[in-house]
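Thanks for coming. I will go through one structure today, starting with a detail of its strands and then moving out to the chain as a whole.

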Amino acid sequence: PNKATFSFCSDEQGMRKALSNPRQNISPVCYEENDAFSGMQKIVQLKNGIAQKEGDKWIITSENKAHIRYE
C-alpha cells in the first residue's frame, strides 16, 4: 500500500505538453537516456519507476525514476 510502480504513458498531445517544460514535467520522475531532439516521434518507456508513499505524498527518488528514450 506504500509502494507503487509507474510508467511514462502519453499520446502525441501529452508528449508535446510534457516536452513544453521537461524540467518540470519529465526530469523529476524520469531518467532520460538521450536528449529530446527536433523531429522525434515518440518517447519509449525502458523501465518503470517506483514511488514510495510517505505520509500523504508520493516520493520518487533518483534511483527509482522511470527510464525513457526519445526516438
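Which residue in strand 5 stands opposite glutamine 52? The residue is isoleucine 59. Before I go on, a word on the source: this is a predicted model, where local features need pLDDT of at least 70 and side-chain atom pairs count only at pLDDT 80 or more, while totals for chains, interfaces and linings use all residues. Residues are numbered from 1 along each chain as its sequence is written, and side-chain values use heavy atoms, with hydrogens and water left out.

Now the elements. Helices (H or I, at least four residues) and strands (E, at least two) are DSSP runs, numbered from the N terminus. The protein chain has two helices and six strands. Starting at the N terminus, their order is β-α-α-β-β-β-β-β.

Back to the pair I opened with. Strand 4, residues 49-54, runs antiparallel to strand 5 and is joined to strand 5 by three bridges. Two strands pair if DSSP finds at least two bridges between them. These strands belong to an open sheet of three strands in the order 1-4-5, with antiparallel pairing. At the edges are strand 1 (3-6) and strand 5 (57-59), each pairing on one side only. Neighbouring strands in this sheet are turned by 35 degrees against each other on average, direction ignored; the axes are lines fitted to C-alpha atoms, for helices over the stretch in contact, and angles run from 0 to 180 degrees between N-to-C directions.

There is another open sheet of three strands, with the order 2-6-3 and mixed pairing. Its edge strands are strand 2 (30-32) and strand 3 (43-47), and each pairs on one side only. From one strand to the next, the twist averages 35 degrees. Strands 3 and 6 run antiparallel and are joined by four bridges. Glutamine 45 has isoleucine 68, in strand 6, as its bridge partner.

Isoleucine 68 also has a place in the largest nonpolar core, which has ten residues in all, among them Phe8, Met15, Ile26, Cys30 and Ile43. A nonpolar core here is a set of buried Ala, Val, Leu, Ile, Met, Phe, Trp, Tyr and Cys residues joined through side-chain atoms within 4.5 Å. Buried means under 20% relative accessible area, exposed over 50%, and partly exposed in between, with a 1.4 Å probe and protein chains only. Helix 1 (12-20) and strand 6 (66-70) each supply at least two residues of this core, and strand 6 gives the most, with three. Leaving out residues up to four places away in sequence, isoleucine 68 touches several residues, including Phe8, Ile26, Cys30 and Leu46. Contact means heavy atoms within 4.5 Å.

Next, the cysteines. A disulfide is a pair of cysteine sulfur atoms within 2.5 Å, and the structure holds zero disulfides. Cysteine 30 counts as buried because its relative accessibility is 3%. Cysteine 9, at 72% relative accessibility, counts as exposed.

Last, the whole chain. Of the 71 residues in the protein chain, 18% are buried. Among contacts between residues at least 6 apart in sequence, 67% join residues at least 24 apart. Along its principal axes, the C-alpha trace spans about 40 × 20 × 20 Å.
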